Amino acid sequence: MHSEKQLSTKIDANVPTAARMYDHYLGGKDNYAADRAACEQLDKVVPSTRRLAVNNRRFLQRVVRTLTQEYGIRQFLDHGSGLPTQDNVHQVAQSVDPAAHVVYVDNDPMVLVHGRALLEQDERTTVIHADMRETDAIFSHPETQRLIDFDQPVAVLFNSVFHCIPDSETDGPSAVVKRVSERLAPGSYLLMCQLVSEDAEVREFVTNFMDQATHGHWGRVRQEKDVAALFDGLEILEPGLVEVSTWRPDSEVAPRQLTQEWIEFGGVGRLP
Ligand SMILES: C[S@@+](CC[C@H](N)C(=O)[O-])C[C@H]1O[C@@H](n2cnc3c(N)ncnc32)[C@H](O)[C@@H]1O
């Protein structure tokens, strides 16, 4: 278990990573041939993944805008933030209020390099190189302490990340959510979504494929009921737990996936 969580500081262009594959699907340039080849293989089984990724990113942006604009949130802790792209969390939040604070956490060394370059001038935003399961280290990190006041409500984001970690009583998604929730002020929000499929063959194929492709840096495609269980005890915001492109869409012509072998499923919960 421990070795799984050792942070790699080296960028290996030959082993695909979730961050770089996702970047490729979003049309980014921070990825290598191995990442693109893995996406091509994946597309043979789950052909709507590019659309899924784009919809997932838009969902994240809508949630951040909604929480800043309508729910008064000014601090965000983003677990598994990914490579910077357009309209990153801090840009969306700070477009509503320039005083919003954001802490990004990711274990991919490339995210750290690109994130730091982007954030050099921004004193209200930082990126931490950490495993999202290391709650103590993340919460006590000097940069987190500098930017987040945990006596006030925070939005904690787990957007499209739980499928990257396996089940475990101490370090699986539900253990992490419990640990994090215990540290948050009432009125804080949790955004949680992950890749799910109700088709057992798809779940098995993709889980095995990604596990091999990433050399074990992967978790599990789960089911909608597994995501729903993470929201136990939280007040779930409207419209509930859904395929994420249908969460408060900001356009009537929002594109949907043409096929639904797997989807991003989740929503936003409030700590009572
Ligand atoms: C699919 S991307 C999602 C990025 C972003 N949250 C979004 O939704 O646009 C998954 C991200 O989680 C990161 N990740 C995977 N496992 C992680 C872990 N154990 N700790 C921290 N970050 C992790 C990957 O490096 C990648 O950047």
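Predicted model: local features only at pLDDT ≥ 70, side-chain atom pairs only at ≥ 80, totals over all residues.
Reader: What makes helix 2 and helix 9 roughly antiparallel?
Author: The axes of helix 2 (residues 33–45) and helix 9 (residues 200–213) cross at roughly 170°. Angles over 145 degrees count as roughly antiparallel. The pair is therefore roughly antiparallel. The two axes come within 11 Å.

Reader: Which residues make that contact?
Author: Helix 2 supplies Ala 38, Gln 41, Leu 42 and Val 45. Helix 9 supplies Phe 205, Val 206, Phe 209 and Met 210.

Reader: How do the residues of the contact of helix 2 with helix 9 divide into nonpolar, polar and charged?
Author: Seven are nonpolar, one is polar and none is charged.

Reader: Why are helix 1 and helix 2 called roughly perpendicular?
Author: The axes of helix 1 (18–25) and helix 2 cross at roughly 70°. The range for roughly perpendicular is 65 to 115 degrees. The angle falls in that range, so helix 1 and helix 2 are roughly perpendicular to each other. Their axes come within 9 Å.

Reader: What makes up the contact of helix 1 with helix 2?
Author: From helix 1 come Arg 20, Met 21, His 24 and Tyr 25. From helix 2 come Asp 35, Arg 36, Ala 38, Cys 39, Leu 42 and Asp 43. Five of these residues are nonpolar, one is polar and four are charged.

Reader: What makes helix 1 largely enclosed by the rest of the structure?
Author: Buried means under 20% relative accessible area. Six of the eight residues of helix 1 are buried, so the helix is largely enclosed. They are Ala 19, Arg 20, Met 21, Asp 23, His 24 and Tyr 25.

Reader: Which helices do the buried residues of helix 1 pack against?
Author: They pack against helix 2, helix 3 (49–69), helix 5 (109–119) and helix 9.

Reader: How do you know that the length of helix 9 agrees with its 14 residues?
Author: At 1.5 Å a residue, helix 9 should span 20 Å. Its end C-alpha atoms are 20 Å apart, so the two values agree.

Reader: What puts the buried residues on the same side of helix 9?
Author: The buried residues are Val 202, Arg 203, Val 206, Thr 207, Phe 209, Met 210 and Ala 213. They cover an arc of only 170° around the axis, which puts them on the same side of helix 9. An α-helix has 3.6 residues a turn, so residues three or four places apart point the same way.

Reader: Why is Cys 164 called partly exposed?
Author: Its relative accessible area is 21%. Buried would need a value under 20%, and exposed one over 50%. Cys 164 is therefore partly exposed. It sits in the loop between strand 4 (155–159) and helix 8 (173–182). Leaving out residues up to four places away in sequence, Cys 164 touches Ala 18, Met 132, His 217, Trp 218 and Gly 219.

Reader: What stands out about phi at Asp 87 and His 215?
Author: Most residues other than glycine have a negative phi. Asp 87 is not a glycine, but its phi is positive, about 50°. His 215 also has a positive phi, near 55°.

Reader: What is the peptide bond from Glu 238 to Pro 239, cis or trans?
Author: Omega is near 10°, and the bond is cis. Most peptide bonds are trans. Pro 239 lies in the loop between strand 6 (235–236) and strand 7 (242–243).

Reader: Why does Glu 123 count as exposed?
Author: Its relative accessibility is 67%. Exposed means over 50%, so Glu 123 counts as exposed. Its loop runs between helix 5 and strand 3 (125–129). Apart from neighbours within four places in sequence, Glu 123 is in contact with Arg 146 and Leu 147.

Key. Residues numbered from 1 in each chain as written. Heavy atoms only, no water. Axes fitted to C-alpha atoms, helices over the stretch in contact; angles between N-to-C directions. Helix = DSSP H or I, 4+ residues; strand = E, 2+ residues; numbered from the N terminus. Parallel < 35°, antiparallel > 145°, perpendicular 65-115°, else oblique. Contact = heavy atoms within 4.5 Å. Nonpolar A, V, L, I, M, F, W, Y, C, P; charged D, E, K, R; others polar. Expected span 1.5 Å × (residues − 1). Buried < 20%, exposed > 50% of the residue type's maximum accessible area, 1.4 Å probe, protein only. Arc of directions from axis to C-beta.
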